[in-house]
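Subject: Structure for you to look at

Hello,

Here is the structure I said I would pass on. Please open it alongside this message.

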Amino acid sequence: AAFHSADLYSALQDAIGALMACLEEPIDKTRSNAAGALGNLVRNSEQLAAALAKTKAVDALMKASDPKKGDGQGSSSRVALYSLGTVVAYGPCKAVVQQSGFDARLNELAKSRDKTLAKYATRVLDRMK
């Protein structure tokens with residue numbers, strides 16, 4: 001329920017590192033939940049956007065959202081891509097993605113035969129404009 005308001009965001013900042021570590025777990029559901037939680041940290045406020053950028057959580061989401069580098073078969077790459085679309089709404093996170101060159105990969109994913117992956121990649125690209 002904490003992600004429905006920004007009231008608890010300052011207390012949740014300490015969870016960023018643990019959530020990033022969970023993106024590397026072998027269990028797809030764990031990676032999915034971690035990716036979703038990272039996106040939820042900026043769902044209602046940009047209060048933690050700079051922290052996500054500084055701790056390299058945005059980089060971790062980019063890595064996890066790429067099916068070639070992520071799970072390839074499970075849902076965690078889709079959830080990570082959706083969360084990436086949430087975080088890029090804020091300047092510090094958008095700057096990380098822009099400077100990374102990941103937009104070329106996003107353009108490839110936007111043409112994917114996987115309609116969900118394509119939709120979420122397009123969402124990220126649209127929010128980066």
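Predicted model: local features only at pLDDT ≥ 70, side-chain atom pairs only at ≥ 80, totals over all residues.

Residues are numbered from 1 along each chain as its sequence is written, and side-chain values use heavy atoms, with hydrogens and water left out.

Salt bridges

Side chains of opposite charge can pair when their charged atoms come close. For a salt bridge, I required a side-chain nitrogen of Lys or Arg within 4 Å of a carboxyl oxygen of Asp or Glu. Searching the whole structure gives six of them. Accessibility is given as relative accessible area: buried is under 20%, exposed is over 50%, and partly exposed is in between (1.4 Å probe, protein chains only).

K63 and E24 are joined by a salt bridge, 3.4 Å from N to O. This pair links distant parts of the chain, 39 residues apart: K63 is in helix α5 (residues 57–65), and E24 is in the loop between α2 (16–22) and α3 (28–40). K63 is partly exposed, at 42% relative accessibility, whereas E24 is exposed, at 54%.

D28 and R31 form another salt bridge, with 3.3 Å between the closest N and O atoms. Both residues sit in helix α3, three residues apart, or about one turn of the helix. D28 is partly exposed at 22% relative accessibility, while R31 is buried at 13%.

R105 and D66 also meet in a salt bridge, at 2.9 Å from N to O. A network of salt bridges links D66, R105 and E108.

Contact here means heavy atoms within 4.5 Å. Leaving aside residues up to four places away in sequence, D66 touches F102 and R105.

What does C22 touch, not counting residues up to four places away in sequence? The residues are T30, R31 and A34; R31 is also the partner of D28 in the salt bridge described above. C22 itself lies in helix α2 and is partly exposed, at 25% relative accessibility. The C-alpha atoms of C22 and A35 are 8.4 Å apart, with the two residues 13 places from each other along the chain.

Helix α5

How many of the nine residues of α5 are buried? Seven are, and the helix is mostly covered. The buried residues are A57, V58, A60, L61, M62, A64 and S65. The elements that cover them include α2, α3, α4 (49–54), α6, α7 (91–100) and α8. K63, in this helix, is partly exposed.

Regards

Key
Helix = DSSP H or I, 4+ residues; strand = E, 2+ residues; numbered from the N terminus.
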